[in-house]
Amino acid sequence: MPNPQLNSNGELRHLLALNGLPKDILTYILDTASSFVSVSDREVKKVPLMRGKSVFNLFFENSTRTRTTFEIAAKRLSADVINLNIAASSTSKGESLLDTVDNLTAMSADMFVVRHAQSGAPFLIARHLNRHGLDHIHVVNAGDGRHAHPTQGLLDMYTIRHYKKDFTNLKVAIVGDVLHSRVARSDIHAMKTLGVPEIRVIGPTTLLAPAMKDMGIRMFNNMNEGLKDVDVVIMLRVQNERINGALLPSAQEFFKSYGLTPERLALAKPDAIVMHPGPMNRGVEIDSSVADGKQAVILSQVTYGIAVRMAVMSILAGN
Amino acid sequence: MPNPQLNSNGELRHLLALNGLPKDILTYILDTASSFVSVSDREVKKVPLMRGKSVFNLFFENSTRTRTTFEIAAKRLSADVINLNIAASSTSKGESLLDTVDNLTAMSADMFVVRHAQSGAPFLIARHLNRHGLDHIHVVNAGDGRHAHPTQGLLDMYTIRHYKKDFTNLKVAIVGDVLHSRVARSDIHAMKTLGVPEIRVIGPTTLLAPAMKDMGIRMFNNMNEGLKDVDVVIMLRVQNERINGALLPSAQEFFKSYGLTPERLALAKPDAIVMHPGPMNRGVEIDSSVADGKQAVILSQVTYGIAVRMAVMSILAGN
Amino acid sequence: MPNPQLNSNGELRHLLALNGLPKDILTYILDTASSFVSVSDREVKKVPLMRGKSVFNLFFENSTRTRTTFEIAAKRLSADVINLNIAASSTSKGESLLDTVDNLTAMSADMFVVRHAQSGAPFLIARHLNRHGLDHIHVVNAGDGRHAHPTQGLLDMYTIRHYKKDFTNLKVAIVGDVLHSRVARSDIHAMKTLGVPEIRVIGPTTLLAPAMKDMGIRMFNNMNEGLKDVDVVIMLRVQNERINGALLPSAQEFFKSYGLTPERLALAKPDAIVMHPGPMNRGVEIDSSVADGKQAVILSQVTYGIAVRMAVMSILAGN
């Protein structure tokens, strides 16, 4: 089965997951993003690359934050953006996912930005479009279940490259609920492709995915050991709904074992950067003094996230 | 009482219902729509006909689907679109419908697209504007109660004309819950005006409107008889909330008697087209093999729906 | 502590409250607004003053009506507008107000229009931006708790100036629930600054703020006495949730004592104007014949409200 993300010329057709994307495509997206970083600093923050294109934000799962980043990116590319909160829409009338897509396709959609609680939903849509030869319509996965969050992965790579220049000599630790994290999954795939030599995951055994060992990832239950000499610390968000559940101790207990404090951060390299996909739970996975400290690059991630999304959308629209 | 939809020159001032619109106006809308079909195929899907105009989507009843079609149409005409979900707004603070309209008028609204659960609400607004001499503000009915859904009626006529060329030699069957359907009502009025010689409605007696007999419409309880030799089949959506109620048997029972299957469709003319206003209940009123079959023109309806709405909005804004 | 609303040149940096704004700034806003009134009458209702700027409507409290006025104003200035209904967003995931602001700042926001149930929230944001040297990002208070609603105050001043020309010879009465009204507070501060010599508040003792006496405001429990010879009557909205509560009698009782009827209005000057911030409760605080009568300037307030908001936004963006 061919990779549904690439067209027959090997160009990016949809962005569904970072798994299976060749290094030159990842690098091309990051390079393109760097040309867009300056657009957001201009007096007039707009380029006409997608003027007259119709971008649909199909959010089957509520996420104002992610939806906003795509909406801004699309508007700065001059696209027309239509937000569809699908919980409140036709699917509640029993229309199937693909009927919804067919309808919007018939309205001459150019791009679907899809967020869905179910892993694989954006793939389903992309395969459906491919099967019907609708080559001019593109899908961007804005997070599907536990599976993937590729634009988050890309903006994390952009941030790491910006601060560390070279991927091939880095130690990177991902901390927290790795098991349920689509961010962790997307980051790991991208880092593998881009040549990060040492990837570590840190968390309680119940929140680590045993299969990762086979991917050459080092697993740590002890945070102090896991952070030793790393160049990059990626903190994951603890899902509130999981706290006090079967897999997670209380917020206080979690912080005691896995919260990133200044003392723990001191175990990493002195110039280590601290990342977080947001929104942060201060005092649960990260101490405020670290979140606001000078090693944190969390707000840079947000800034680069707009540029990376502009890059992805404009590349797709151009292919 | 003069027709509130027409100005003193007999031009379209509001689009409220297809009942009472002369044939030349219907034809003019369809002709204008055909010039807009190609806009949605362009690289830049925009024309500047409504640049700087303020279009308000006043949705007193939730309908993401219909709201989206108007939003797209308005944006492709370069209008500024403001979506107001009025359930969550001032009327919940006790403000009357007409106070809301007066307020938006004072904000220099150019057009109201109105969806309301109550039949007649868009007429009330239009008459209010007319009475106050606000000739430059236009109302489009986007569905009011059981009464009318004129843009759906127009897009259905566009679709029929596209595939059948001539209205004056057609047999058209409308199937399902005709009694509660604003789509059926709008279609019937338009077909009468455009000269369709034979209109049939098919459904259980409880869901047909006896008064239709007086309009020369043929009524059928037996679907096989009703479909015989028709050129066009318009399936209506079965409202989920009505299933298992007093008037409707279970979904399975309904499908057995009135679901459109390939076998039943074979009773119509070989080149008959199948239409549906969407969203479809597959397996309730229509079999998937018909919905996705080559006689179905359901997605073309959606495409033409954008063009028809662009036509209506630009004609109103120009008058 | 310096006034967070002004920059070091004494120019408007944020619009948070009318309290503390010098007369020349209020007058400058009103003068600028008057140049925008005509924009909304044009064929193309747009000026390019904020093209490519990103305006975020941060509504932590639902208000379709106010949000709409800012959205229209921003779109007529050609800004990109992003609506964030924050109840449904990250803060529900436990993100703090300032983390949300930092994130949007990192997305290159140019302006925040903030509505919040808590008094002081827009100040908190403005001070945070000031402290971090983010001089290019501006905050407009769209209503915070009981504290202030400065654009409403400004549009009220615009309306009074339009009809009465000169502030310095006026008697103005504010009627109703003054105690809980941010509109009353903003109006009073503006009128004080602009030189209105006689300000009266009328209402039951339980709904008047005793501290106002110290500001030189005349307090009346008897409406007939309070309205005598005034030039301007500003009716306040009775909050439905307060009716039948501890502080407010029934709607009927309130109307009997403080509803503005034609008879009562006759006690004011013959050319007195009647204002109301909307939405009106007809038959509670105002009789319909007054609301729709020729002394009412309530819809003019709405019209001027768009112009005033365009003025505020464009002045902030220009400074």
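## Interface of chains B and A

Four salt bridges are counted between chain B and chain A, a salt bridge being a side-chain nitrogen of Lys or Arg within 4 Å of a carboxyl oxygen of Asp or Glu. One of them joins B:Lys45 to A:Asp110, with N and O 2.6 Å apart.

On the side of chain B that touches chain A, helix H2 (64-76) and H11 each supply at least two residues; helices (H or I, at least four residues) and strands (E, at least two) are DSSP runs, numbered from the N terminus. H2(B) gives the most, with nine residues.

## Basis of the model

The model is predicted: local features need pLDDT of at least 70, side-chain atom pairs count only at pLDDT 80 or more, and totals for chains, interfaces and linings use all residues. Residues are numbered from 1 along each chain as its sequence is written, chains are lettered from A and ligands numbered from 1 in the order in which they are written, and side-chain values use heavy atoms, with hydrogens and water left out.

## Salt bridges within chains

Over all chains the structure holds 51 salt bridges. In chain A, A:Glu198 pairs with A:Arg200, the closest N and O atoms being 2.8 Å apart. A:Glu198 is buried at 17% relative accessibility, and A:Arg200 is buried at 5%; buried means under 20% relative accessible area, exposed over 50%, partly exposed in between (1.4 Å probe, protein chains only). A network of salt bridges links A:Glu61, A:Arg115 and A:Arg182.

In chain C, C:Arg13 and C:Asp135 form a salt bridge at 2.9 Å, N to O. This pair links distant parts of the chain, 122 residues apart: C:Arg13 lies in the segment before helix H1 (23-37), and C:Asp135 in the loop between helix H4 (121-131) and strand E4 (138-144). C:Arg13 is buried, at 11% relative accessibility, whereas C:Asp135 is partly exposed, at 45%.

## Annotated domain

The unreviewed UniProt entry places the domain "Aspartate/ornithine carbamoyltransferase Asp/Orn-binding" at residues 169-315 of chain A. Over these residues the chain is 35% helix and 14% strand, and the end C-alpha atoms are 29 Å apart.

Technical notes
UniProt positions are given in the numbering used here, feature names are shortened, and annotations may be inferred rather than shown by experiment.
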